[in-house]
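Dear colleague,

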Amino acid sequence: MLKKREVAVISAVTTKCGEHWDKGIKDLAWEAGVKAVEEAGISGKDIEYLVVGNMSGGMFVGQEHIGALVADFLGLNPIPSLRVEAACASGGVAFYQGYLAVASGLYDVVAVGGVEKMTDVEPEQATSVLAGAMDFEWEAYFGATFPALYALIATRYMHEYRLKPETLAKIAVKNHYYGSLNPLAHFRNKITVEEALTSPLVADPLRKYDCSPISDGAAVAILAPLDIAKKYTDTPIVVEASAIASDTLSLLKRRDLCTLDATVNAANKAFQLAHIEREDVDLIEVHDCFSIAELLAIEDLGFCKKGEAQNLVEEGQTYIGGRIPVNTDGGLKAAGHPVGATGVKQIAELVKQLRGEADKGRQVDGAEVGLAHNIGGTGATAVVTILSRRGA
Amino acid sequence: MSATAPPAHWRRMRERYRLLGSRCETCGATFFPTTKVCPKCRRKGKIAQVEFSGRGKVYSYTVIHSAPKMFEQFTPAVVALVQLEEGPMVLSQIVDTDHKELKVGMEVEACFRKLFEQEQSGIISYGFKFRPVNDHWGKYYDNKDI
């Protein structure tokens, strides 16, 4: 096997997520791109390769060919550029591709972006676009929506592990609390368990506050080999591992409805590659597209046994200071979920935390190791990336 | 939408009308929808067509309160994962049921229903839905002289 190089993140940034009526897909990519290049202390000319995660430019804004579009608009021509798509995991998969490009020795400085412009279509149409991430012929065709698929998991989980809606509500309350401390979050309001439990039902038992929003946003990370990264920054963040796994596209053929096997497999692979133990991880950024998904992620990543994440939530162990802080930026729920950008946005949050630069009230003290978990669909794709500040 | 176009429906019609799936004659595993390969037996597997009985149990369910336009007429709709008695899981609406009676393990049977109507053309797609075996509504109608 090719001897791989150590890869570091020089900079990683995200735009504010939300309903950006004044910004199109190019503007969002520009904003994140310029910020990332400035923070990295590089010039656009140093970038050798561009990978962009984007789920559905075609259906959200009628624009395909996103790789070349972003390269062009950011003035990066004629470097190679491409767009990768894995539904809501597009950003995570883009990061993985960038990581491979640097680790393999083919490129030194690589820009990894994620961008999604979702609010130019009616919310209902956005829901239809997102339905393309499930098995259309056998799920959407029979009336399933995305919230419905996660609701099916939640109902079964409640049946098997006696989970209460209150526990799911507490996940949303935590994520809104951290969102309130994050100036770049889509939602900055705190909510109460009571509010969450009385919000409108979307797909029983999931209510409005169990669901992540439709957001516009972009995120960019600049990668380089560790030795080169040190030229640009005193605090390069090392990519200890990045791993992807796939599972059945539909819920019909899952081994266990309450486990996302892709998460289990990607996490096991990542921990094995990184030579890092679960107890060494200081914080995790997980894919909480729905509250139940955060619960599954904590278990499937191996931080507790199946059925026990609800105890961690109930005991407040997923807050900063607890056993494993989860989604300190507000997660997808509050920080926002611009689908193609989300996986890179998670990297930006980890880099911030590992550099000790998180906003007041949401910094995990002395964070050394962080993990990002990005999911496509209902878990047909899972990307797990482990970062550390070992390079600092 | 292209995914709901008549040819796209026509290609899947037998599976959607008659609950047609596959069985691996080497290991006996059953599949829905149809498959071209048994993931366990790989090239040693022999795939045959099988028509499922349509009886099964609710494995999980949800009531959808917010649905795309083409399903709005059924909202609030019950969507469930139904485990067929032959093993495979299908996703389907549960009809002719009181939402309060829904529970995991409830016995259901397949019925033939309208899935949705295309917004523009008005073309109707049909397929299976499921109803409780203990179907009070059905019994009510069955006893009526229509």
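On a 1 Å grid over the protein atoms alone, a cavity is a set of points where a 1.4 Å probe fits but cannot get out, and a pocket is an open set with protein on both sides within 12 Å along at least five of seven lines; lining residues have an atom within 4 Å of a point. Grid points are joined across faces, edges and corners, and a volume is the space filled by probe spheres set on the points.

This is a predicted model, in which local features need pLDDT of at least 70 and side-chain atom pairs count only at pLDDT 80 or more, while totals for chains, interfaces and linings use all residues. Residues are numbered from 1 along each chain as its sequence is written, chains are lettered from A and ligands numbered from 1 in the order in which they are written, and side-chain values use heavy atoms, with hydrogens and water left out.

Two cavities of 30 Å³ or more are present. The largest cavity has a volume of about 70 Å³, and its lining includes M158(A), P165(A), R207(A) and D210(A). By class, this lining has eight nonpolar, no polar and two charged residues (Ala, Val, Leu, Ile, Met, Phe, Trp, Tyr, Cys and Pro count as nonpolar, Asp, Glu, Lys and Arg as charged, and the others, Gly among them, as polar). The largest share, three residues, comes from α7(A); helices (H or I, at least four residues) and strands (E, at least two) are DSSP runs, numbered from the N terminus.

The second largest cavity holds about 40 Å³ of space. Its lining divides into four nonpolar, five polar and no charged residues, with α14(A) supplying the largest share, three residues.

The largest pocket has a volume of about 880 Å³. It is lined by 37 residues, and T127(A), C211(A), S212(A), P213(A) and I214(A) lie nearest its centre. Of the elements, α5(A) gives the most to this lining, with five residues. The lining residues of the largest pocket comprise 21 nonpolar, 11 polar and five charged.

As for the cysteines, a disulfide is a pair of cysteine sulfur atoms within 2.5 Å, and the count over all chains is zero. The sulfur of C24(B) is too far for a bond, because the closest cysteine sulfur, in C38(B), is 3.8 Å away.

Yours sincerely
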